[in-house]
Amino acid sequence: FAPSSRYGTPEELKELVDEAHRLGITVLLDIVHSHASKNVSDGLNMWDGSDSCYFHSGARGNHDLWDSRLFNYTNWETLRFLLSNLHLWIHEYGFDGFRFDGVTSMLYHNRGLGQGFSGGYHEYFGLNTDTEALVYLMLANQLVHTTLKSGITIAEDVSGMPALCRPVEEGGGGFDYRLAMAVPDMWIKILKEQSDEDWNIGNIIHTLSNRRWQEPCIGYCESHDQALVGDKTIAFWLMDKDMYTG
């Protein structure tokens, strides 16, 4: 609910958003409603002395890979907390929408781990689907689009959940766009592992065009995940040391 002081005061953030709008730039916030820090002294975890409250208790409330807590989206207080969070960033700071982080983790009880998604419907509409989280995402999208008529919501989903980017009125998830996460993975793999003459054009075309019918995607070349795991930028893969000498 508060911008980090490392990036200035709340008023300075508002000024930044206003200036971007003056220049015709749309400003989106990367928001994390998929999990939360385990910190006790400065976080939500165990704030009431229990391991639940905003989260599921026991194993379901923990993401072992991320070492973080998982929200209980059936809890009224959790819904009020997360939905009011979206409302605040729109009304107080003037953001134009959100990129929802970790949506794949929210959609499945196994958090999308150890599972490949081929696109078949049987992979999405079964007991592994976390319907509570999916309903929360529908609520969140409904709030954003009702509050902000021109609002934009983007799902960071690698699984290809059908109808995630169709309107809530149609029974969809309500997102405007899905990040085409396979595209940056493809480019970085090509640059790291293949010479130019070995590029498989058919595979490239398939990856660039592989999307759900009538569900808009955002294609991009470079992923922030590559930077987080210590990889190199595309520019460095292409030029490397010649960037400085040639």
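Author: The protein chain has 9 helices and 7 strands, where helices (H or I, at least four residues) and strands (E, at least two) are DSSP runs, numbered from the N terminus. Its radius of gyration, taken over C-alpha atoms, is 20 Å, close to the 18 Å from the globule rule (2.2 Å times the number of residues to the power 0.38), so for its 246 residues the chain is as compact as a globular protein of that length. This is a predicted model: local features need pLDDT of at least 70, side-chain atom pairs count only at pLDDT 80 or more, and totals for chains, interfaces and linings use all residues. Residues are numbered from 1 along each chain as its sequence is written, and side-chain values use heavy atoms, with hydrogens and water left out. Of the 246 residues, 38% count as buried (under 20% relative accessible area; exposed is over 50%, partly exposed in between, with a 1.4 Å probe and protein chains only).

Leu13, Val17 and Ala20 are the buried residues of α1. They cover an arc of only 60° around the axis (going by directions from the helix axis to the C-beta atoms), which puts them on the same side of α1. Why does that work? An α-helix has 3.6 residues a turn, so residues three or four places apart point the same way. The buried residues of α1 pack against α2 (76–91), with contact meaning heavy atoms within 4.5 Å. On the face turned away from that buried side, α1 carries the exposed Glu15 and Arg22. After α1 comes Gly24, with a positive phi near 80°.
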